[in-house]
Amino acid sequence: MTNTLLKGFPIKEGERTETISKRRERRYAAEKRFKILGILSILVAISTLFLLIGNMINKGFSAFKQTYLELSISLPENKFPNEKQISPNVISELNFKSFLKRALLKKFPEIKSRRDKRLLYKLISSGATFDLQDAVFENPKLLGKTITTLAIASDDVDQYIKGNITANNQGRITIKQSKWIDKLVDDGVINQKFNLKFFTNGDSREPELAGILGATIGSLLTMLVALALAFPLGVAAAIYLEEFAPKNRWTDLVEVNISNLAAVPSIVFGLLGLAVFLGFFGMHRSAPLVGGVVLALMTLPTVIIASRAALGSVPPSIREAATGIGASPMQVVLHHVLPLAIPGILTGTIIGAARALGETAPLLMIGMVAFIVDIPQGINDSATALPVQIFLWADSPERAFVEKTAAATLVLLTVLIIMNLGAVLLRKKFERRW
Amino acid sequence: MVATKNDNQIKMSARKVCVSYSGKQALFNVDLDILHQSVTALIGPSGCGKSTFLRCLNRMNDYIEGCIFHGSVRIDGKDIYDPKLDVVELRARIGMVFQKPNPFPKSIYDNIAYGPQIHGLAKDKSELEEIVHTSLEKAGLLKEVKDRLQEPGTGLSGGQQQRLCIARAIAVSPEVILMDEPCSALDPIATAHVEELIDELRDNFTIVIVTHNMQQAARVSQNTAFFHLGNLVEYGATETIFTSPQDERTQGYITGRFG
């Protein structure tokens with residue numbers, strides 16, 4: 001049987017099916033290879049991510065626990081029966097440090113030499129004194145009573161307990177100290193507790209007292225300033241460029257430059273901030289206001305590009321429909337195009353903000369890298385930001401800052417994940433079909 | 001050719017309309033009169049300029065990059081390309097229905113209420129409600145949707161969506177309604193619905209309809225204009241055009257020899 005369909009084609013009757021099926025096998029094999037390559041690349045990406053996060057958790061998780069000494073302290077009688085007389089000054093005249101020392105010494109009656117005593121006192125952090133003082137000031141009725149208090153241990157004890165350092169006579173923990181610590185552990189005096197201070201304190205030279213609240217508030221204020229500037233400016237610029245601007249050489253030039261700005265290294269924006277905002281305008285050094293302005297400049301191109309893409313993806317039929325019943329160009333944009341583009345704009349903005357939140361380099365240039373203990377109260381206070389805090393801690397020599405660095409990184413990553421999740425959810429929620 | 005009619009019946013008149021897109025001319029000296037409260041069909045093969053002409057009638061071409069217009073279009077004797085004329089007001093007088101149903105992604109109610117709201121045609125809520133109901137009724141959609149006015153307009157079927165768009169155009173009570181192939185995306189039943197509607201709307205509105213479907217033009221229109229390669233070839237009563245066309249090209253097109 002000859003197939004008339006094949007007349008005029010170079011292929012012969014019998015070979016047709018065979019040729020096609022041979023080709024088909026090769027096609028399927030190529031498809032399979034492509035799939036495997038795809039899966040492999042995803043696996044590599046995921047395992048790198050897990051390696052990073054796993055490493056951070058492994059190193060940083062112990063920072064969420066802090067070592068305390070449970071000491072019973074007999075406080076002196078209240079010499080001021082009138083509560084109004086009790087002021088921080090009066091309270092701080094009491095020598096809380098000696099109360100703690102005495103309580104600790106009670107556990108080791110055999111220690112007599114001053115040198116050993118000094119070694120023993122080193123087990124308690126200087127922060128313990130302030131904790132006790134604050135507790136008494138808050139509740140003066142404690143005076144005259146014997147109370148059990150949790151005295152925060154020094155970072156060396158903490159690290160020794162966590163197994164990060166070993167005792168040796170040249171090191172941070174001597175053999176003698178390690179024996180005392182072991183005894184205190186056996187007696188149940190040394191315990192670990194959730195490290196609330198990490199979330200409620202500002203930075204400190206003492207690792208056991210250092211926390212991320214200052215840096216977090218600093219980051220938050222910086223982001224607020226950055227978003228308050230970048231969002232309205234970016235959206236307005238995008239609306240103008242996408243909807244109203246004539247398409248000519250000038251707008252092309254503007255467009256190219258916006259794309260260019262998005263690729264400018266962030267340190268350059270820091271230099272700009274240093275020269276213009278600090279140098280020329282004389283704004284406050286290290287302040288979230290300046291940081292926010294610099295990050296806003298950095299985020300602006302991202303917001304403009306994302307917003308333009310979102311505006312451009314609104315179908316022209318909606319514009320025509322609105323124009324057709326007599327909406328003015330501005331009504332078309334504000335009533336129809338913008339509401340439809342908002343999810344895309346928000347997603348772009350959140351992604352831009354997440355990038356700005358993790359930015360360190362420009363903040364270094366404008367002085368947000370300073371050692372700041374106080375929690376910033378406003379956008380003009382000196383502050384630092386989370387990524388800069390991580391940078392600062394990573395630079396510190398104390399062993400205890402290693403876990404702090406990792407823990408702060410975990411917090412930053414968590415915030416970033418939450419922001420990105422928010423972006424995805426927002427897009428899902430407002431996504432509309434037309 | 002010049003297609004002129006008795007003056008008092010004329011709603012819109014186009015004279016020497018030339019349009020070019022980025023240097024490429026799409027319309028050549030089109031003269032055409034559109035009669036009051038009648039349906040005028042614009043037919044012709046793809047790319048003949050009939051949609052371009054339609055869009056000239058309410059200046060929808062203004063927003064197209066590189067589009068240049070010459071000539072004049074008058075409505076009730078007033079030039080709509082007069083620089084002093086307000087385009088927004090013009091579009092309130094000349095509504096438009098598009099090829100693809102394009103309801104706003106809002107509720108059915110909001111879709112229709114939007115036009116009256118931006119033009120301030122309703123003094124209060126009850127008036128607005130009245131406009132919405134009347135418009136839906138005139139568009140023959142009220143029965144189907146009166147219980148679900150708050151549901152999204154995009155949830156309706158294609159034919160219903162197109163009638164919603166017609167209702168939306170009616171809601172600003174325009175004098176002229178332009179329809180750009182309103183049935184090309186609809187199935188035959190929905191098409192029949194819309195055609196019936198067009199026939200009814202003729203009592204109150206002047207309608208200009210672009211269509212690819214010659215039977216449709218024959219069914220709904222009183223006057224038909226045949227465009228070819230940017231020229232108005234023939235214009236006259238629909239019956240005449242379809243039964244005894246003067247021009248060879250018109251005959252060729254309506255008998256299906258080309259197009």
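**Figure 1. A salt bridge links B:Arg55 and A:Glu320 in this predicted model.** The closest N and O atoms of B:Arg55 and A:Glu320 are 2.9 Å apart. Across the interface of chain A and chain B, 1 salt bridge is found. The same interface holds 5 residue pairs in polar contact, both residues of each pair being at pLDDT 80 or more.

**Figure 2. Helices H13 and H14 of chain A face chain B with two or more residues each.** Helix H13 spans 316-324, and helix H14 spans 329-357. H13(A) gives the largest share of the side of chain A that touches chain B: 7 residues. By type, the residues on that side are 8 nonpolar, 8 polar and 4 charged.

**Figure 3. Chain A and chain B bury about 1700 Å² between them.** Carbon and sulfur atoms account for 63% of this buried area. On chain A, 20 residues take part in contacts. They meet 23 residues of chain B.

**Figure 4. A:Ser154 sits in a loop between a strand and a helix of chain A.** The strand is S2 (146-152), and the helix is H6 (155-161). A:Ser154 counts as buried because its relative accessible area is 7%, under the 20% cut-off.

**Figure 5. The side chain of A:Ser154 reaches the backbone oxygen of A:Lys122.** The distance is 3.2 Å. A:Lys122 is also one of the residues in contact with A:Ser154, leaving aside neighbours within four places in sequence.

Terms used:
Residues are numbered from 1 along each chain as its sequence is written. Chains are lettered from A and ligands numbered from 1 in the order in which they are written. This is a predicted model: local features need pLDDT of at least 70, side-chain atom pairs count only at pLDDT 80 or more; totals for chains, interfaces and linings use all residues. Side-chain values use heavy atoms; hydrogens and water are left out. Helices (H or I, at least four residues) and strands (E, at least two) are DSSP runs, numbered from the N terminus. Buried means under 20% relative accessible area, exposed over 50%, partly exposed in between (1.4 Å probe, protein chains only). A polar contact is a pair of N or O atoms within 3.5 Å; within protein, one must be able to donate a hydrogen and the other to accept it, and residues adjacent in sequence count only if both atoms are side-chain atoms. Contact means heavy atoms within 4.5 Å. Buried area is the accessible area (1.4 Å probe) that two parts lose on being put together, summed over both. A salt bridge is a side-chain nitrogen of Lys or Arg within 4 Å of a carboxyl oxygen of Asp or Glu. Ala, Val, Leu, Ile, Met, Phe, Trp, Tyr, Cys and Pro count as nonpolar, Asp, Glu, Lys and Arg as charged, and the others, Gly among them, as polar.
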